[in-house]
Structures are given as C-alpha cells and as structure tokens.
Amino acid sequence: MRHVARCAMTAVPLIVLTACSAPDKLPTPAPAAGLTADQVQTVERAREELIRRCLTRQGFTYVLTPWADPRESRVIDGVLDDITWAQTYGYGGRIRAKAMAYKRDNPNSRYLKTLTAKQRERFATVLYGTPGATLSVRIPSGPVISTSSDGCLAEADSSLYGDFRTWFRVKTITDNLAPRYLPQVYGDARFHQAVASWATCMREAGFGYTSPSAIRARLASLKPAEEIRLATAEARCALATPLAGTIRDLKRHYGGIVRRPYEKEITTRKQMESTALMQAQKIVTTSKGVQQ
Amino acid sequence: MRMVRVLLGVLALTTLLGLIAPAYAQDRPDRPADVSLTPTDSPTSEAVDDPEPAVSAAAACSVGSPNGYVYIYRYANCGEQLCRAEGDDLDYSNDKGCAGSDNDKASSVVNRGFANGWGVVRLYRHAGASGGEYICVNVGSAASELSDEKFLGTNVVADNRISSHAWVQICPGYAD
C-alpha cells in the first residue's frame with residue numbers, strides 16, 4: 001500500500017506504470033534530490049533480501065543482517081557539529097564496537113566455517129561472481145576499482161537499479177568524488193584558522209586538543225563517559241567558532257568544482273536510485289524477512 | 001596562381017588541425033571515467049563508453065572468497081599482502097592490526113566482506129579515519145591500482161598514503 005502511494009506521489013499517471021514495473025524498460029523522471037537516509041536503508045535491505053534469495057537458489061544459506069539506524073551510524077567527517085547527537089552517542093564508539101563484534105561473529109561467518117574449501121570457493125563465485133569477468137572503472141582521483149559483472153551482488157543491483165554496468169560506473173565514480181577535493185578543504189588556510197579558534201574554545205572547555213584529527217587518533221582509548229564529554233565539547237566549539245561553517249563552505253566550494261564534470265553521472269545515479277527505491281518498496285512489502 | 005591557392009589551403013588546414021589537436025589532447029584526461037569489461041579468457045579490455053580501453057590490468061587483482069576482511073597490498077594488482085583486518089584499524093602506525101611497518105604503504109586493496117552489514121570499507125589518508133577519505137571500496141570489489149591518485153588542482157601523487165580504515169554500511173554517495 002505504501003508502495004502504491006509512493007508511486008502516485010512521485011510520478012504522473014503515465015509514468016506510474018513505467019516506474020513501478022521492471023527497472024530497465026523505460027526511463028524514469030529525474031528526482032529533485034537524492035534518497036533520504038531511511039530510503040537508502042530501504043533499498044539496501046531489499047538488496048540484501050535479493051542476495052539472500054539468489055544464494056538460496058544456489059543451495060546456500062544466508063541470514064539477513066541487522067542494520068543500524070542510519071541516524072546512529074553516521075560517519076563524522078571534518079568536525080562533529082551536532083550537539084544532540086554527541087550527547088547521545090559520543091562519537092558513535094559504542095555502536096561501532098557492537099557492529100564490529102557482530103562483524104567478527106555472525107550467523108553467516110559461522111555458516112561459512114562449516115563449508116568445505118570447495119564449497120567456499122563455489123560460494124565466492126556465486127556471491128562475488130566469476131573471477132575474471134571484471135568490470136573496472138577509473139575514479140576521478142585516479143585509482144581503478146573493479147568488481148565482477150555477474151554473481152548475486154551484481155544480480156541484486158541489476159534487479160533494483162537496472163543496467164549493472166551503468167550503475168557500477170556511476171556509483172563508483174560518484175562515491176569517490178570526495179577524495180578528490182577533501183585534501184583541498186583540509187589544506188586551506190581558512191580551515192587552519194578556524195581550527196585554531198576551535199582549539200582555543202576546546203582549551204577553555206578543559207580539553208587540550210589542537211584539532212579534531214588529534215581526537216580521532218585517540219578514539220579507541222576513550223571510555224564511554226569521556227567520549228560523550230569530549231564529543232559534546234567538540235560539537236559546541238564547532239558551532240561556537242567558525243569551524244563548522246568554514247568546513248561546510250569549503251566543501252561546497254571545492255566539491256562544486258569537482259562535481260561539475262560529473263553532473264551527468266550524478267543525475268543518472270539519482271534516476272537509478274529513484275527506480276531502485278520503487279523496486280525495493282515492492283520487495284520490502286512482500287518479504288517479511290526484510291521488515292524488522 | 002592556382003597552385004599558390006592550393007598551397008595556401010593546405011597550409012591553412014594544417015594550421016587549423018595543429019590548433020585543434022592539442023586542445024583535444026588536453027581535454028582527454030578530464031573526461032568522465034571509463035568502464036572496462038575484462039573477459040575471463042582474455043587479458044585485454046573492452047571499453048564500454050570509449051573505444052580506448054581504460055583498464056587492462058584490473059583483473060589481476062582477484063577478490064577471493066568472502067571472510068569479512070579487507071586485504072591491503074604493497075603493490076598494485078594485489079602484489080605482496082601487507083596485512084588484513086576484520087575490524088576497524090584507526091592507526092596503521094601502531095602495533096595492532098595493520099601494524100607500524102604498513103603505514104603509508106598500500107597500493108591496492110580488496111574487500112572480502114559479506115553481502116551486507118558493515119561490509120563496506122572506507123580508507124583514509126590519516127590516522128583516526130581523518131584527513132580526507134582516500135577511497136571507498138564495496139563488498140566484493142578491489143581497488144587494484146592506487147598509484148595514480150591525484151588531488152584537485154595539484155600533481156600530488158598519493159600512492160602509499162593509507163593510514164587507517166573504517167567499516168561502514170554504505171559508501172558516502174555524491175555528498176552534495
């Protein structure tokens with residue numbers, strides 16, 4: 001029902017049939033913005049369910065993994081500037097520790113250990129795809145990223161996004177635009193001036209750190225209460241000094257320069273994500289296993 | 001007189017081509033990245049968007065079987081494994097995980113994560129997952145040659161600059 005409502009809201013009637021059927025039949029209209037964090041999670045959950053079905057068809061077992069709330073599992077880049085989040089999660093250390101513990105020991109890792117070497121080899125081919133059938137893309141900053149063009153991962157992406165080759169290309173490029181400009185952001189004199197103001201604010205709050213990076217390097221050794229106190233001070237000082245605003249402005253400036261030649265890839269990605277969301281909503285509503 | 005006109009025409013055409021060709025050559029490196037398909041039985045690549053193959057050696061970096069680890073290699077195309085890590089490693093310069101000697105050495109990376117659930121790995125230039133993200137590698141993917149890394153407006157080569165990594169649920173997207 002939610003799926004039907006979403007289709008009706010996001011497209012004119014003629015497009016509804018197109019957008020809500022197979023993803024590779026006809027183009028969908030470009031959305032105004034990218035997906036929200038919740039929508040991304042819906043797509044990712046549906047993707048995992050498709051992978052589970054694909055592995056099951058090949059005689060393997062796969063258990064869906066619990067997803068952290070996207071609001072909890074944020075990646076902090078530059079400086080933490082959300083006081084409420086900092087007061088609740090610190091730097092997200094407890095969430096991360098729990099996730100890493102799950103990553104080390106979970107139903108799927110335990111299952112794989114029960115397989116013979118030959119079965120594991122076949123599992124790898126079924127999941128990752130045929131070794132050598134490789135798609136490669138050179139990202140804007142230079143490195144080459146490659147993946148298999150078949151296998152359950154590629155199949156799940158094709159079902160959601162449409163043409164896998166196009167999707168792999170636009171996703172890989174647009175996922176890796178930030179590395180092209182972040183060094184400029186963090187090398188800019190305005191950033192260093194703002195960090196100096198932030199460090200003064202932190203010193204007055206009782207913390208002698210010269211930069212947010214200096215805190216990051218010590219995160220693993222912080223106790224939970226200490227982490228929350230420090231994170232809260234970092235966020236308060238980020239907002240009380242020019243630091244948060246400076247980082248935002250510099251990212252907008254340098255990011256805009258880097259993104260400009262790749263507007264076509266960004267638009268294609270948004271279109272394919274919009275298609276994937278509609279496909280995902282159908283899968284989520286028909287599969288109890290995906291809904292948690 | 002007619003011969004003079006022909007010669008002048010040839011000269012003008014040559015000059016025009018001389019002006020166009022360098023401009024075209026300058027534009028080439030800035031075109032959007034290519035995708036190549038390396039067939040199983042052939043060492044060559046088939047370019048998808050451009051008749052000129054962009055990549056031919058990527059297939060040399062085999063992903064292997066899933067075990068939840070990221071593998072870090074000293075050389076391109078997965079040459080000489082430096083270390084592997086199942087969890088985060090926020091500082092390659094200390095003695096845990098990707099230990100001290102592995103700091104700023106990586107030239108290729110493979111993600112042998114499971115299908116989902118904190119299976120994406122982000123690699124960073126500095127310790128503590130900071131200093132600007134270097135690259136984001138999805139499950140079952142390889143970054144086979146990091147040696148051409150260039151930053152905006154510079155010719156800085158950033159090969160061998162990875163100092164930390166963190167596992168996440170998804171890559172960051174286009175971040176606008």
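Are A:Cys201 and A:Cys237 buried or exposed? Both residues are buried, where buried means under 20% relative accessible area, exposed over 50%, and partly exposed in between (1.4 Å probe, protein chains only).

The model is predicted: local features need pLDDT of at least 70, side-chain atom pairs count only at pLDDT 80 or more, and totals for chains, interfaces and linings use all residues. Residues are numbered from 1 along each chain as its sequence is written, chains are lettered from A and ligands numbered from 1 in the order in which they are written, and side-chain values use heavy atoms, with hydrogens and water left out.

**Exercise 1.** Describe the link between A:Cys201 and A:Cys237.

*Solution.*
1. The two residues form a disulfide (a pair of cysteine sulfur atoms within 2.5 Å), with their sulfur atoms 2.1 Å apart.
2. The torsion about the S-S bond is about -80 degrees, so this disulfide is left-handed.
3. A:Cys201 belongs to helix H11 (residues 189–204) and A:Cys237 to helix H13 (residues 224–240) of chain A, so the pair ties together parts 36 residues apart in sequence. Helices (H or I, at least four residues) and strands (E, at least two) are DSSP runs, numbered from the N terminus.

**Exercise 2.** Characterise the link between B:Cys136 and B:Cys171.

*Solution.*
1. The sulfur atoms of this disulfide lie 2.0 Å apart.
2. B:Cys136 sits in strand E7 (residues 130–137) of chain B, and B:Cys171 in the segment after strand E9 (164–168), so parts 35 residues apart in sequence are tied together.
3. B:Cys136 is buried at 2% relative accessibility, and B:Cys171 is buried at 4%.
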